[in-house]
Amino acid sequence: MSSETTSALVLSMQVAVLATLLNAIVGVPLAYVLARRRFRGRSLVDLLTTLPLVLPPTVTGYYLIVLLGRRGWLGAPIYQVTGWSVAFTWYAAVVAATIMALPLLVRTAKAAFESVDRDLERAAYTLGRSELRTAVEVTLPLARNGILAGLVLAFARALGEFGATLMLAGNIPGKTATVPLAIYTAVQTGEDARALMLVGLLTALSCVVIVTANRLGARAT
Amino acid sequence: MTGRLEVALAVQVPGFELDVAWSAGGGVAVLFGPSGAGKTLTLQCLAGLVRPRAGRIVVDGRVFFDSQTGVNVAAQARRIGYVFQGYALFPHLTVADNVGFGLRGRPRAERARRVAATLDKLGLGDLGRRYPRDLSGGQRQRVALGRALAIEPALLLLDEPLSALDAPLRRALRDELRALLSEVGTAAVVVTHDFTEAYRLADRIVVYDAGRVVQAAPRAELLWQPASESVARIMGIPNVLRGTVVKATPDRIQLRWRGQVLEAVNSPSRSYLPPPEAPIAFFIRPEYVRLIRKDRVVADVQHHMNLMRGQVVADEDFGTTYTLRIRLDDPGPPAQGDWDIEVEVPHLVYEILEIERDRHWEFSIHRGSIHVLPA
């Protein structure tokens, strides 16, 4: 295996694991709130988290540049203060993968939370538990398999992310070129053997992910 | 008796409005009425799970909610035991952990002791390490009851505690539940839409209909003196009929129905004196109608009051009794579709009188078995 292939693989795993972790930290509470709370702007939040699922990844990537690029709404002040920009670093790949994977996790986890019988939560309240303790002790354990299935899907999505990553992180070999980007480069430059190997690897990995998600999903019901 | 309960609630949820006020003096109060009458919503308000728009909830002298003074004690702090419809046992916890769920924060030893004592009391002694999915319906009900009782609640709420069970088990557990509630002595509010269940469990019955209370009374009073025609219909009483007043005195009411003049008892205590020709609702208990034997001397009007004659047009076998549907011989449309009156006779009577073969009968009703329903 060439060093570029190895680095693409390592980078992809790194990005996917971190993106999945971020999804768990941000997406699970978000899904709980969307499933259980009624508040102003709820449907807007729901819309925004779902949008990356529907938009072409390049469009999502474009928005990310507008937000985080060196001259972006958030990116410009950060650049002025620190002289650093997230764009075209491997962190950008993590951000892009996180945003692209979020809808899958949030939608799956939200459905899992919604499937938990509300009377179980009510019972916990009458037995003295606060809403937070109830969420941790009752709702979360009962929604666990659905959430895990969502995380597996998010991981898969993060692993395969191409468009938004290309927009925000670029395709810098050894730095931001994840496996999907490396495949693109390999095909463009006629390195058929390399492309074939990466494609095979990614396909195998995806199969494992789908089987895992299905098993978790089956146990959830 | 402890556990006095005062409830006044105005609640609005999409498509439904609840506006009720009732009280109970400890013991078991049953909220009875059709589905969608607001019974469960009332329990949720009592438990603090739903906040009423206005009203007042006082349990045993403690104000849990008062919209005027702005008091609203959180569900977590009310110490009200709630047995949910379908029981809502935590499926990921063992029976012992379910029962001990409300005892968090107490010393481990005390918690274990209380859980063991509760399981023992409910006859669940050796099931502590099982999971709810491994239990029968009756056992689940007891675990739910144990979980609610373990916190030594000031008030116990039970939402259709028997509806998840099969019919034979239901009857056994109904009586078991009744014994348990009186043994524990905690004031309880039970929701049911089954009148037999309501009557067996209740000291006091509160009848709900479409978000209102239509009657609240001790159970015997409700059975013998439903406050209105709608209460009688909600209770599922057969033979709720409508006639016109002929004459009303404090202790008798004469009324016209299907060409007959019937005499009913009036109760002086409620001073109900409708004017002549006023419409009047009443009901006849099917088990108190007397068929007159044809092998006896001719019926004399002195002995048999409210004498009528008719034809059995249908009969239904209920195992130990038959329900006969009788159409009067008098002309005019029957009062209840195809027939005028429902009569219940034991199997033995049905066989001795050969009702299967002989369909034409004279019957009488004592005036004490015709109950007038005040408008």
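## Domains of chain B

Domain bounds here come from an automatic or database domain assignment. On that basis chain B splits into domain 1 (4-231), domain 2 (233-280) and domain 3 (284-373). The C-alpha centres of domain 1 of chain B and domain 3 of chain B are 41 Å apart.

This is a predicted model: local features need pLDDT of at least 70, side-chain atom pairs count only at pLDDT 80 or more, and totals for chains, interfaces and linings use all residues. Residues are numbered from 1 along each chain as its sequence is written, while chains are lettered from A and ligands numbered from 1 in the order in which they are written.

## Chain A

Chain A has ten helices and zero strands. Helices (H or I, at least four residues) and strands (E, at least two) are DSSP runs, numbered from the N terminus. From the N terminus on, the order of elements is α-α-α-α-α-α-α-α-α-α. The C-alpha trace of chain A spans about 65 × 45 × 25 Å along its principal axes.

Chain A has 221 residues, and 43% of them count as buried. A residue is buried if 20 or more other C-beta atoms lie within 10 Å of its own, exposed if 12 or fewer, and partly exposed in between; C-beta atoms are placed from the backbone. Two residues are in contact if their C-beta atoms, placed from the backbone, lie within 7 Å. Among contacts in chain A with a separation of 6 or more, 74% join residues 24 or more positions apart.

## The A-B interface

On chain A, 14 residues are in contact with 16 residues of chain B. Helix H6 (118-126) and helix H7 (131-160) of chain A each supply at least two residues of the side that touches chain B. H6(A) gives the largest share, six residues.

The side of chain A that touches chain B comprises seven nonpolar, three polar and four charged residues. Ala, Val, Leu, Ile, Met, Phe, Trp, Tyr, Cys and Pro count as nonpolar, Asp, Glu, Lys and Arg as charged, and the others, Gly among them, as polar.

## The largest nonpolar core

A nonpolar core is a set of buried Ala, Val, Leu, Ile, Met, Phe, Trp, Tyr and Cys residues joined through C-beta atoms within 7 Å. The largest one has 164 residues. Those with the most contacts inside it are A:Ala96, A:Ala97, A:Leu168, B:Val30, B:Leu157, B:Val206 and B:Phe282. Helix H5 (residues 90-114) of chain A gives the most to this core, 16 residues.

Leaving out residues up to four places away in sequence, A:Ala96 touches A:Gly61, A:Leu64, A:Glu161, A:Ala164, A:Thr165, A:Leu168 and A:Ala169.

B:Gly243 sits in strand E12 of chain B. It is buried, with 22 other C-beta atoms within 10 Å. Residues up to four places away aside, B:Gly243 touches B:Leu255, B:Arg256, B:Trp257, B:Ile280 and B:Phe282. B:Thr192 is 51 residues from B:Gly243 in sequence and 32 Å from it in space, C-alpha to C-alpha.

## Two helices of chain B

Helix H4 (residues 108-121) of chain B has 14 residues. From first C-alpha to last it reaches 20 Å, close to the 20 Å expected at 1.5 Å a residue. The expected span is 1.5 Å times one less than the number of residues. B:Val115, B:Thr118 and B:Leu119 are buried in H4(B). Seen down the axis, the buried residues of H4(B) fall within an arc of 100°, so they line one face of the helix. The arc is that of the directions from the helix axis to the C-beta atoms. Cover for these buried residues includes helix H3 (95-99) and helix H5 (137-149) of chain B. The face of H4(B) turned away from the buried side carries exposed B:Ala109, B:Glu110 and B:Asp120.

Helix H6 (residues 167-184) of chain B has 18 residues and reaches 25 Å, close to the 26 Å expected.

Most residues other than glycine have a negative phi. B:Asn239 has a positive phi, near 55°. It lies in the loop between helix H9 (229-234) and strand E12 (240-248) of chain B. B:Asn239 is buried, with 20 other C-beta atoms within 10 Å.

B:Glu354 also has a positive phi, near 50°. Its loop runs between helix H10 (347-352) and strand E20 (360-365) of chain B. B:Glu354 counts as exposed, with 8 C-beta neighbours inside 10 Å.
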